[in-house]
Amino acid sequence: MGSRVSDNQNLLAEQRRALILDEVRRRGGVRVNELTRRLNVSDMTVRRDLDALARQGVVEKVHGGAVPVVEPSSHEPGFEAKSGLELGAKEAIARAAAALVPPGAAIALAGGTTAYALAQQLLEVPDLTVVTNSVRVADVFQSGQRLAGGNHGSAAATVVITGGMRTLSETLVGPVADRAIQSLHFDLLFLGVHGISVEAGLSTPNLAEAETNRQFVRSARRVVVIADHTKWGTVGLSSFATLEDVDTLVTDAGIPEVLREEIAEHLSDLIVAGEPAPPAGG
């Protein structure tokens with residue numbers, strides 16, 4: 001992990017755990033005593049971090065340390081299984097992403113739990129046209145209008161649902177969805193991902209969803225990926241875009257500095273939710 005890590009004694013728990021997970025994945029395993037020395041924290045703190053990562057299902061504790069849990073690249077968690085993960089990060093990302101949406105924009109929200117959180121933040125943005133392949137996202141806008149008693153006025157969004165075959169993650173994919181998306185043009189696409197990495201780009205375990213996401217990317221003037229720090233380094237079965245296809249990445253403060261530097265080599269616009277934007281030209 002390098003000297004930079006050992007010099008930082010005040011990492012937030014999420015940042016520290018992201019560094020540990022990155023090290024476990026890069027090296028195939030780590031020992032507790034190595035982590036205490038490099039992170040400059042107590043043995044008990046490291047063990048608590050490993051316990052938390054084990055509960056998330058991303059590492060397996062072994063005697064004296066931890067090894068990665070490698071899911072099959074074709075494994076697709078359901079919406080409910082993913083909705084309880086990284087809730088604070090998703091809310092922060094959703095708020096930061098919503099700030100990118102001007103009134104009257106035509107936007108696309110691809111399926112996923114972070115897009116679901118973003119939809120809730122967009123209910124008060126006026127005159128939106130929202131194209132989505134997510135049953136859950138469409139429900140957010142419909143429920144929001146019902147709760148407002150039909151009195152949203154100009155804030156009410158026009159929602160277009162693509163149609164298609166329903167996946168475990170509650171998204172609509174396949175040829176019907178692809179044809180609908182091909183005929184449209186979006187000012188902004190907000191795209192959640194199963195995994196993101198330098199080598200594989202954006203990826204998903206679902207082949208049909210990968211093709212639908214390709215169509216979304218082709219139809220968007222600006223591609224915004226909304227992904228918490230745990231998605232970095234994960235690779236699904238099928239890649240559907242490179243990092244060069246992405247205009248903006250919105251992530252959370254749990255992403256460690258070493259990964260920010262790596263991302264900055266490939267993306268010009270990185271937004272870390274909850275942190276002030278860098279000064280213009282800085």
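In which helix is the place of Val-137? Val-137 belongs to helix α8, which spans residues 135-147. Please bear in mind that this is a predicted model.

Let me stay with this residue. The relative accessibility of Val-137 is 0%, and since buried means under 20%, Val-137 counts as buried. Which residues does Val-137 contact, once neighbours within four places in sequence are left aside? They are Leu-109, Ala-115, Tyr-116, Ala-119 and Thr-132. For one of these, Ala-115, the C-alpha to C-alpha distance to Val-137 is 7.1 Å, with a separation of 22 residues in sequence.

I turn now to the sheet. The model contains an open sheet of 7 strands with parallel pairing, in the order β6-β5-β4-β9-β12-β14-β15. Its edge strands, β6 (158-161) and β15 (270-272), each pair on one side only. From one strand to the next, the twist averages 20 degrees. Strand β5, residues 129-132, runs parallel to β6 and is joined to β6 by 4 bridges. Within this pair, Val-130 stands opposite Val-159 of β6.

Finally, a helix pair. How do α3 and α4 cross? Helix α3 (residues 32-39) and helix α4 (residues 43-55) have axes that come within 9 Å and cross at roughly 115 degrees; the two are therefore roughly perpendicular to each other. Their crossing is right-handed. On the α3 side, Val-32, Leu-35 and Thr-36 meet Asp-43, Val-46, Arg-47 and Leu-50 of α4. By class, this contact comprises 4 nonpolar, 1 polar and 2 charged residues.

Conventions. Residues numbered from 1 in each chain as written. Predicted model: local features only at pLDDT ≥ 70, side-chain atom pairs only at ≥ 80, totals over all residues. Heavy atoms only, no water. Axes fitted to C-alpha atoms, helices over the stretch in contact; angles between N-to-C directions. Parallel < 35°, antiparallel > 145°, perpendicular 65-115°, else oblique. Left-handed = near helix turned anticlockwise from the far one by under 90°. Contact = heavy atoms within 4.5 Å. Nonpolar A, V, L, I, M, F, W, Y, C, P; charged D, E, K, R; others polar. Buried < 20%, exposed > 50% of the residue type's maximum accessible area, 1.4 Å probe, protein only. Pairing = 2+ DSSP bridges.
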